[in-house]
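Hi everyone, thanks for making time. Have a look at the model on the screen, and I'll walk you through a few parts of it.

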Amino acid sequence: MEIHTPLKDEVVSTLELGDQVYFSGKIYIMRDATLRRIFEEGVSPPVDLRNQVIFFGAPSFAKEMDRYVILSVGVTTSQRMEKYIPSLLSKYGVKGIIGKGELGEKMNSHFQRNNAAYFLFVGGAAAIATSSIERVLNVWWEDLRGEALFEVEVKDLGPAFVAIDNDGENLPLNVKNKVLANLRALQGDQSES
């Protein structure tokens, strides 16, 4: 499924767990340092994030005159950003987050309440992510270096997979719970024999 950003409510409502998606349009790249600046230092984002998609990552980049070029960017682990996600969704109106790894169960209700979705991107696939970047539109807070806030235009960024949908279902946790249940069943079978 191709998704054009900004992410509309009606599109979020159609997403189901495990859907494979590709993003085209404008997205924002940020991670720890940008989030600390917003939420711990109390500095408002320099751009309206309403209905936008955030990719958790930290690019290596070059600046040529007044133009920025991203040399490489991979997705980073989302769990470190969990404490900021509720406010990204409710206060700033972010509709989609692309990250790596599972998010805790307590995140489910935040995505449900804000009609938003969390997408898993394959870790270690920086070449795929980087090749989808058409151009860098803006960079704010350059003093944060690779952890600055980047606005980029992407084409067919993916594949990413719907990991938490707007019903509050959580694919990685569902799989984990199913595996644990199967393991317990197997262990029970072995103890009975």
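Let me begin with a term: two strands pair when DSSP finds at least two bridges between them. Helices (H or I, at least four residues) and strands (E, at least two) are DSSP runs, numbered from the N terminus.

A word on where this comes from: it is a predicted model, with local features needing pLDDT of at least 70 and side-chain atom pairs counting only at pLDDT 80 or more, while totals for chains, interfaces and linings use all residues. Residues are numbered from 1 along each chain as its sequence is written, and side-chain values use heavy atoms, leaving out hydrogens and water.

Now, strands. β8, residues 133-140, runs antiparallel to β9 with six bridges joining them, and Arg-135 sits opposite Glu-153 of β9. That Glu-153 is also the bridge partner of Lys-26. Strand β2 (20-30) pairs with β9 (149-164) over eight bridges, again antiparallel. β7, residues 117-121, makes four antiparallel bridges with β9, and there Tyr-118 stands opposite Ile-164.

Finally, α6: its 22 residues, 171-192, reach 32 Å from first C-alpha to last, close to the expected 32 Å, which is 1.5 Å times one less than the number of residues. Thanks, friends!
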